[in-house]
Amino acid sequence: MPRGATSSSSQSRPALRRNQACRSCRRRKLKCDAARPHCGTCVKQHEASISVPAPLGFSHPAQPQCFYDPVEGLTLEPATDPTTKITRLEQQVGALYSCRLVLRSSLFSVALKKKLREKNASSALPSLNSTPPNYGYNGPLPESVLREILPPLPGQPDSPFRGDSSSPEPGMIKDPLVELLFSGWNPDLPEPPTLNHYIDVFFRCDPCGSRVLHRPSFLASMRLSPRDPGFPHASILHAICASASRWSPQQIIILPDGTRRDVLGEFHSTRTRHYIDKCMSTGEHIFSVMQACIILSWYFYQEGRWVEVWIFAAFQIRVSVPLRLNYPGTFSNQDADSPGAYLAPPKGFQDLESRRRTWWMSILFDRIASVGGWLHSIDERDLGTEFPLRNEDFEAETLMPSNPQDMATPDVFIRHPAQYTDSFILFIKAVMLFGKVTDFNVRGNLRAPTAPSKHQNPFFLPGFDYLDKLVANDFLENLPQIFKNNNGVTVTDASAVGQLDTDLYMVHIIPHAATITLHNPYINFNDPNNVSSARCIHATRSILAAYHSLTATSLDITRLHPLVTICWYLAAAVQVQLCKYFIEIKDSDREASVWGEINVLRQVLFSAQEYAMLAYGEKSPIGTRQERLLQILMEEIIKITSHKQPLEVGTPLYPFSSSSLWRKGNNQPSADGTAGLPMPFDPLSDKNNSSSNDPFAAPTYSYATEQEFEAMLGPLHQRSY
């Protein structure tokens, strides 16, 4: 046929939509009429192949090899004989019916033995040291007994358990646990009151993973039936329980390396990983499982489990890209040469904003996991998603246009529109600014012939001056006035009871941590004109000042974002270098002052009992791990210092001794004549209100090896009601 000429049939045939043709025609780049069950092109190919006798040992397929993509919401089913399929379904129904009979008999046996125990206990009170009596048969009840007491299963007219007897008396098997199981409740989850307690603790205390969930609608969905499609996915509930275990511990194990592990938190994190693995193989509930993965990732970060942190940081990004979460509006179908998104367009405002927040929390996790000088999982130039809306607009579902800013917006770090700015969005920008510093260091060292030296001037490096101005001055100076004059710590009355905005607190110290990261390779204390030394010392003092402003209140330090431990560590690392310099020049007075500041940061990372507050490491092992890294840095200066006990040098925050700083219940003067301040009260503190941790039992602490800890998890994984 001449070029440009077309047949009448091709003109009348409507154009096929994307991916509507069969897979075989798309692979071979042939025209397809999308006929079902086999298109015309595949039928012709099959007829042509069977017209030629098959060679020895080979047989032609019985039908054309023509397959189509599954309809959205359905899975591909292999070609199966209808009779075989019906037989398989009948076997599954029979197996399910048998399992249900066994479960019913077992549950009734439990209920019957419970009533017998109650009856026996009312007649005679047994001795405390006596063993529980045996009431006879311990297994499932015989079929003859079940015929008399159990009604037939619904939808089973020919059930072998249908007899002449009527239904059992009302209330015969009225057991809350039995009713809970038959309602569809996941037996691996805690009972509803306990689970609701964990959810409440999660939203109140967790500064990370809770950002991806819309709290009002999530709490409303928890009131639905467990069988309702709108009920939260089990993976999210398990991840919430794992995260909440930091503030509501039950059985805490101290491993030989000194880290804290909660048995219940470990169990729920394992169950969450089970759903993640299942989603990787089936793709079911991919967005819900992705949100659970983010919550679990932050739990691993707070636990200081760096291998899981690094793996999950990359995993989240690689899952988000096929979902097209990195596109404006979190959806795109413009590119005709690449596969479409696995998620349909957002259904509404809440769905769109949840996707934005899920994406940005994945990006934040990737940037924070890479602050040690590692490559990011995705380049900043590939982030097309606009910033999320303010928290108050998200929770109130205020219909607003999308945020006009994204990472490609000019002056995104120094211009903040009032209607689209709150502490969370500023926190995102601060972390992304830290990510720019990481990129600069990684890419600068990638092909550099030599490592950075303290004798070179970094301001001659391309891009260094721009980053220095941003992290050292411009970002903080251009914050809106309401956020610039508030560091996130607000004292409401004279008793030092205050409020903590952990996002805003981090906004004020992350730029200083980024400044230390940018300038640390070029510190030279021997050069009085060295700009990098001055920048790092100023950043360290700013981080310490922010910490002192927090300790002046009764706020719980463990409510801070876990990235704060990295900032403290960076400040302490600069102080270690400065202390070493003072040791070398034999300046004992300034050396002692620096030792005090180092020990302040050590105490806050590890054990701050001397300051009468909970240590971050007591609830987040990441604090303990960072303190150990600091000890490694300090080994050299401990060997060469002239102080006999340098690790005990303190820096009092007030003009009275630190031993008398906090007192419980009174203001009586101490032995040195100074009056002690009253012990601050925090309703979420374990030491002040142990009942806030768990409504049923106080946490227990014990020591165990790794093998013993894994053995303790066995019964939890096998638990069933």
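**Close-up 1. H13 crosses H15 with a left hand.** In this predicted model, helix H13 covers residues 349-369. Its partner here is H15, and the two axes lie 9 Å apart. The packing angle is about 40 degrees. H13 and H15 are therefore oblique to each other.

**Close-up 2. Residues of H13 meet residues of H15.** On the H13 side stand Arg-357, Trp-360, Met-361, Ile-363, Leu-364, Arg-367 and Ile-368. H15 answers with Phe-424, Phe-427, Ile-428, Val-431, Met-432 and Gly-435. By class, ten residues of this contact are nonpolar, one is polar and two are charged.

**Close-up 3. H15 packs with H16 at an angle of about 150 degrees.** H15 runs over residues 423-446, and H16 over residues 464-477. Their axes are 11 Å apart. An angle over 145 degrees counts as roughly antiparallel, so that is how H15 and H16 are related. The crossing of this pair is left-handed.

Close-up 4. Ten of the residues in the contact of H15 with H16 are nonpolar, two are charged and none is polar.

Note on methods:
Residues numbered from 1 in each chain as written. Predicted model: local features only at pLDDT ≥ 70, side-chain atom pairs only at ≥ 80, totals over all residues. Heavy atoms only, no water. Axes fitted to C-alpha atoms, helices over the stretch in contact; angles between N-to-C directions. Helix = DSSP H or I, 4+ residues; strand = E, 2+ residues; numbered from the N terminus. Parallel < 35°, antiparallel > 145°, perpendicular 65-115°, else oblique. Left-handed = near helix turned anticlockwise from the far one by under 90°. Nonpolar A, V, L, I, M, F, W, Y, C, P; charged D, E, K, R; others polar. Contact = heavy atoms within 4.5 Å.
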